[in-house]
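Biologist: Hi, could you walk me through this one? I'd like to start with a helix and then move on to other things.

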Amino acid sequence: MLEGILLGLQTAFSVQMLLMVIGGCLIGTFIGMLPGLGPMSIIAIMIPVAISMGDPAAAIILLAGVYYGAIFGGSTSSILLNAPGVAGTVATSFDGYPMAKQGKAGKALTIAAIASFCGGTIGAILLMVFAPALSSVALLFHSAEYFALMVVGLSAIAAFAGTGQVAKAMIMTILGLMLATVGEGALFNLPRFTMGLMDLQSGLGFVTLAMAMFALPEALFLVLNPITSQSGSSSEIKDMRITRAEARAIAPVIGRQSIQGFFIGVLPGAGATIASFLGYAVERNIATKEEQELFGKGSVKGLAAPETANNAACTGSFVPLLTLGIPGSGTTAILLGALIALNVTPGPRLMIDEPQIFWAVIISMYIGNFVLLILNLPLIPYIAKILAVPRNYLIPFILFFTLMGAYIGQNNATELLLLVGFGICATALRFADYPLAPLLIGFILGGMLEDNFSRSMQLYDGVAFIWERPMTLGLLIIAAVLVLLPSFRARRARLRAQGVADGD
Amino acid sequence: MMTFKLGRRALIASAVAALSFGAPAVADGHKMLDSIHFLIPGGAGGGWDGTARGTGEALTKAGLVGTASYENMSGGGGGKAIGFLIENADSNHGTLMVNSTPIVIRSLTGVFPHNFRDLTLVSGTIGDYAAIVVGKDSPINNMADLLAAYDADPSKTAVGGGSVPGGMDHLVAAMVMEAAGKDALGVKYIPYDAGGKAMAALLSGEIAALSTGFSEAVDLAKAGEVKIIGVTSDDRVAAAPDAMTMKEQGIDTSFVNWRGFFGAPGMPADKVAMYQEAITKMYATPEWEEVRARNGWVNIHNSGDDFKTFLEAQEKVIGDLMKKLGFL
């Protein structure tokens, strides 16, 4: 293994490879920053470039650089504009955007940069040490466990079920789950809820719905309510330092989420999105009562958790890709296609047959993370200045990229109509004070939840998988605890308060 | 707008032409067409996308066609692009749409309101056989073992695939079981939404066997991850000479998932002939051979009327089978 690492170092530290990493990260970050453009479309654009280089190691290093650059850049648009272009950074906007609104945009970007760096670097270390051994972990989960994992992910909505909001959060989650059933599911031969429209047969697009729920209402609010939105936001960008207390608060979060995120990323059916929601849910539930109140309103922990987890998970998703040749996500599927086009077959023999490629990729991940940190930290004050742009210039900019993002993924003009329609509904819901994040969580997890559930039902001829597979049962119990614990705690606190009152 | 577009295209064409003077490998005499616009009914990175881009790459690199452009139009599992081509037929004489076996299956099930007869048939170009594979540690080594396992415990011998129930992967599995004398509908078919996830399920032991495309299976078989226990070709395929065919094992099934190109209805005959000739010439070029080998495709060339005969025969076979199996 040491030989392999040395070989990888030698390959990765050549001038050409360093240029590849830096170039990939730069391209990924800048395109990823545009709302609505995710890593999948960026990598698809870069593939012809990578293939024409002919050198498989250089190609995958470039593409991997683009990949984590895009995830990294995606968090910027989530934080500044509430426009997550990738499902993996939806959770980042939950606390990142409130922070930016409070005038702490610089601080939020700094925390995101550091959390991403740590998540990516710790993930790369875990990948280096455990990759060969982890290929079996990747195959540990069956459909039943994936179903249970999605249920745990759904418990993240508990964070939005604040006082008096429980019913509203539940309604929105169910609405999201229902929207996920539109179209021709992977498991059914018939279109559902398409109202006979061919454009709905493939279901609703993630980017379309994310933009409609988050970015569009935000832009409309800026138009409708120019006075309140102007106050506070742009003036204090300089404040990008993290206080010692904040550093102490996020350090354990980063530590835990790097490891948790990495292992979720290793599972081929989970990925960065699930990792970020789970990270958010877990951190919120183990936080103290006062800190829990802050989640969703600009908590540094709530920002650090998903940012660490999604970057660690991206690194983790290279385990099944490189050791088994199985892509865990749409993005790694495109990477696999590129590798095969370059005559490299990922799988257990890759490490033996072409160790220079295997190790060069892993080493380049460290370099990539450093490049991203160096690139981003000094740029943060300038990036955050986006918010200081006068509203009448910023709003058209947001609208343009929102519409473009929805169109470009599908090349389908109907997406634009859907985007505007859903955007108007979402704005109305926001006026009525309904939380929109649970809807998006329900939508993202709904498809996978249903697919895995119905597969398990078929495989076990019923719900027997719940008790026949101990891991499924365990995960479902964790989900129940995550949902019930906060309300149980609240109830006990209320009872105690009442008791004291009675005693007086 | 239109004039600008024409101007730009002409510019690109002349730029390419200028380049070709400098590069003797691209002989000017070969060029059949200035440009082709490929319409891809699915997103980037899929099988249709790869076919169109690979064909375009070979045609342009070999100098048969000046430039190739690509447009991804997903929606309705490919139905949107078909509808688009029919509705805008007059302005799409320069467009070729890629499609494959599902156009036949989905027209039969009524998912598409149209079928291949509504389009101009240009040429079937490549194909991919289907294969049944098992994990490398599976006790199953051939079709007889799989059938024995199925007889012993049908509910624990699930077959997975990357298509919806009633889709291509299911159809292949059902076809094979039917030919082996089993109740094709009794086979537990578990659908996955992507080939990679189905493969992960196979390796994790969730399903006993997987019905998939031969070219997808062959890479993992070479890496030692899976064993191919049956291929739906008539003879063994050179890419995996050890993999037995279904027929060798006494199961009379052959199936090929073709891919090919369609034009808008009413495309002028001289234009169709030009496309067909360019594609026919493409097969002899080293550029095509490189693309073909890289993707593990099999050359299955059916032009014009042959393509029509081929599609009609396939529609009949698949339609009869689907009726027999109760899918229709």
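Modeller: Happy to, and keep in mind that this is a predicted model. In chain B, the buried residues of α9(B) are covered by elements including β1 (33-40), α2 (47-61), β2 (65-72), β3 (95-100), β4 (120-135) and α10 (286-295).

Biologist: Which residues in α9(B) are buried?

Modeller: Those are B:Tyr275, B:Ala278, B:Ile279 and B:Met282. Looking down the axis of α9(B), the buried residues fall within an arc of 95 degrees, so they line one face of the helix.

Biologist: And what does the face turned away from the buried side of α9(B) carry?

Modeller: That face has the exposed residues B:Ala269 and B:Asp270.

Biologist: What span should α9(B) have?

Modeller: With 14 residues (269-282) at 1.5 Å a residue, helix α9 of chain B should span 20 Å, and its end C-alpha atoms are 20 Å apart, which agrees.

Biologist: Switching topic: how many residues does each chain put into the contact?

Modeller: Chain A gives 36 residues and chain B gives 38 residues. On the side of chain A that touches chain B, the elements giving two or more residues are α16 (330-341) and α22 (437-459) of chain A.

Note on methods:
Residues are numbered from 1 along each chain as its sequence is written. Chains are lettered from A and ligands numbered from 1 in the order in which they are written. This is a predicted model: local features need pLDDT of at least 70, side-chain atom pairs count only at pLDDT 80 or more; totals for chains, interfaces and linings use all residues. Two residues are in contact if their C-beta atoms, placed from the backbone, lie within 7 Å. Helices (H or I, at least four residues) and strands (E, at least two) are DSSP runs, numbered from the N terminus. The expected span of a helix is 1.5 Å times one less than its number of residues. A residue is buried if 20 or more other C-beta atoms lie within 10 Å of its own, exposed if 12 or fewer, and partly exposed in between; C-beta atoms are placed from the backbone. The arc is that of the directions from the helix axis to the C-beta atoms.
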